[in-house]
Amino acid sequence: MGDLIKLLREGLPAEAILTDPDVTASYAKDMAGFCAAGRPAVVTLPRTVEQVQHVMRTATALRVPVVPQGARTGLSGAANASDGCIVLSLVKMDRILEIDPVDRVAVVEPGVVNAVLSRAVAEQGLYYPPDPSSWEQCTIGGNIGTASGGLCCVKYGVTAEYVLGLDVVLADGRLLRTGRRTAKGVAGYDLTRLFVGSEGSLGVVVRAVLALRPAPPQQLVLAAEFPSVAAAGEAVREIMTRGHAPSLLELMDGTTIRAVNAMARMGLPETTEALLLAAFDTPDPAADLAAVAALCTAAGADQVVPAEDAAESELLLQARRLALTALEALRPATMIDDVCVPRSRLADMLEGTAGIARKYGLTIGVCAHAGDGNTHPVVCFDPADADESRRARESFDAIMALGLELGGTITGEHGVGVLKKEWLARELGPVGLEIQRGIKTVLDPQGILNPGKVLDL
């Protein structure tokens with residue numbers, strides 16, 4: 001410990017090194033439940049690339065594990081500390097270095113908050129689409145680490161599709177530059193995409209070149225109430241089959257609807273078993289909403305309510321924005337799953353999850369990015385009740401197994417972290433697992449970068 005702190009001080013200012021156990025404990029974990037977290041030896045808060053390199057060189061020299069962190073809003077335990085580690089918090093590297101309206105790129109440090117970047121580019125008539133639900137707190141570096149998504153993924157895609165290039169500090173302190181800032185480029189292997197979603201296990205992102213889009217028109221929203229998730233699923237199938245491109249397509253099941261009603265008195269019918277929200281930011285959104293309204297009615301919607309302006313649209317979206325908070329109010333704790341299935345199997349996923357809830361005697365509400373099949377089953381339970389906690393964990397695993405059975409993946413945007421690494425092997429298979437472990441060994445031969453996350457070596 002003494003040698004570690006002494007060496008760190010040779011390249012970091014005093015305020016960038018935290019050793020008080022009460023302070024370092026506050027950096028021990030992210031927002032995931034059921035994920036073990038250790039006690040860090042020290043927390044570092046570098047402000048420059050050179051300081052990050054110094055931390056990694058020190059860690060390599062002493063063979064000390066390093067856990068990179070952003071805002072710790074993640075839901076997989078990927079930012080959880082391990083005993084005796086260096087927590088490398090990047091929140092102080094929070095500069096927007098450049099916004100280029102001609103090339104439509106932004107160059108940023110990893111600690112830039114998503115919402116701050118979004119507002120900054122909007123001032124220049126540009127748009128950074130990835131919008132995780134924690135966008136007011138989460139950082140771009142964390143978004144890159146987990147390849148996060150958001151409500152607009154159905155039309156605009158996830159974080160990985162907007163990362164053009166990266167500067168990455170490797171485990172031994174070397175600086176690697178990947179990718180480009182040009183609109184096109186296919187030189188060499190795509191190392192940029194390799195680091196996106198790697199959860200800090202391959203290197204530390206210290207700079208990112210992000211693609212921007214022109215700002216879209218104001219979106220209009222439609223809400224459709226269905227008597228069953230099967231009917232809502234049919235509507236989703238038809239919307240996508242007919243070639244519509246909604247900017248948002250969200251689905252809430254009956255459990256979630258009733259929780260929102262109980263908390264916010266939204267006035268949604270208690271008999272509604274699925275609420276579908278669709279939005280368009282096209283030049284004529286009213287016409288698109290009318291076409292989708294007809295498809296929802298044909299699929300069996302009890303009621304379809306299109307908004308006439310931005311204010312009404314925001315009111316319709318309130319139910320979706322309140323979903324997680326409302327479910328959290330039902331029990332002392334929640335466990336949020338993140339299973340993505342083909343759009344054609346969305347209704348099967350929701351119906352199967354309802355069956356799992358009945359089997360385990362638990363309340364499980366589901367919100368879904370219906371347009372891309374990404375479901376978020378929320379398991380509500382009391383952690384003080386050992387039996388209920390056991391059932392919650394078992395139901396969580398049953399939900400992941402269901403997703404794989406339906407041709408899906410164990411995570412669409414939250415990442416693997418600690419929470420799902422046992423399931424990763426089932427999804428990848430032995431050959432895929434071997435290749436990924438080989439990549440990890442090449443980039444981090446000592447295994448010091450975020451050990452115990454994603455892959456076990």
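Student: Which residues of helix 8 are buried?

Tutor: Keep in mind that this is a predicted model. In helix 8, the buried ones are Val229, Ala231, Ala232, Gly233, Ala235, Val236 and Ile239. They pack against strand 12 (220-226), strand 13 (248-253), strand 14 (274-280), helix 10 (285-299) and helix 13 (346-360).

Student: How do you know that the span of helix 8 agrees with its number of residues?

Tutor: Helix 8 covers residues 229-241, so 13 residues at 1.5 Å each should span 18 Å. The expected span is 1.5 Å times one less than the number of residues. The C-alpha atoms at the ends of helix 8 are 18 Å apart, so the two agree. After helix 8 comes Gly243, with a positive phi near 85°.

Student: Why are helix 14 and helix 15 called roughly parallel?

Tutor: The axes of helix 14 (residues 386-405) and helix 15 (residues 421-443) cross at roughly 15° and come within 12 Å. Angles under 35 degrees count as roughly parallel, and therefore helix 14 and helix 15 get that label. Their crossing is right-handed.

Student: What makes the contact there?

Tutor: Helix 14 brings Asp397, Met400, Ala401 and Leu404, while helix 15 brings Trp423, Arg426 and Glu427. That splits into 4 nonpolar, no polar and 3 charged residues.

Terms used. Residues numbered from 1 in each chain as written. Predicted model: local features only at pLDDT ≥ 70, side-chain atom pairs only at ≥ 80, totals over all residues. Heavy atoms only, no water. Helix = DSSP H or I, 4+ residues; strand = E, 2+ residues; numbered from the N terminus. Buried < 20%, exposed > 50% of the residue type's maximum accessible area, 1.4 Å probe, protein only. Contact = heavy atoms within 4.5 Å. Axes fitted to C-alpha atoms, helices over the stretch in contact; angles between N-to-C directions. Parallel < 35°, antiparallel > 145°, perpendicular 65-115°, else oblique. Left-handed = near helix turned anticlockwise from the far one by under 90°. Nonpolar A, V, L, I, M, F, W, Y, C, P; charged D, E, K, R; others polar.
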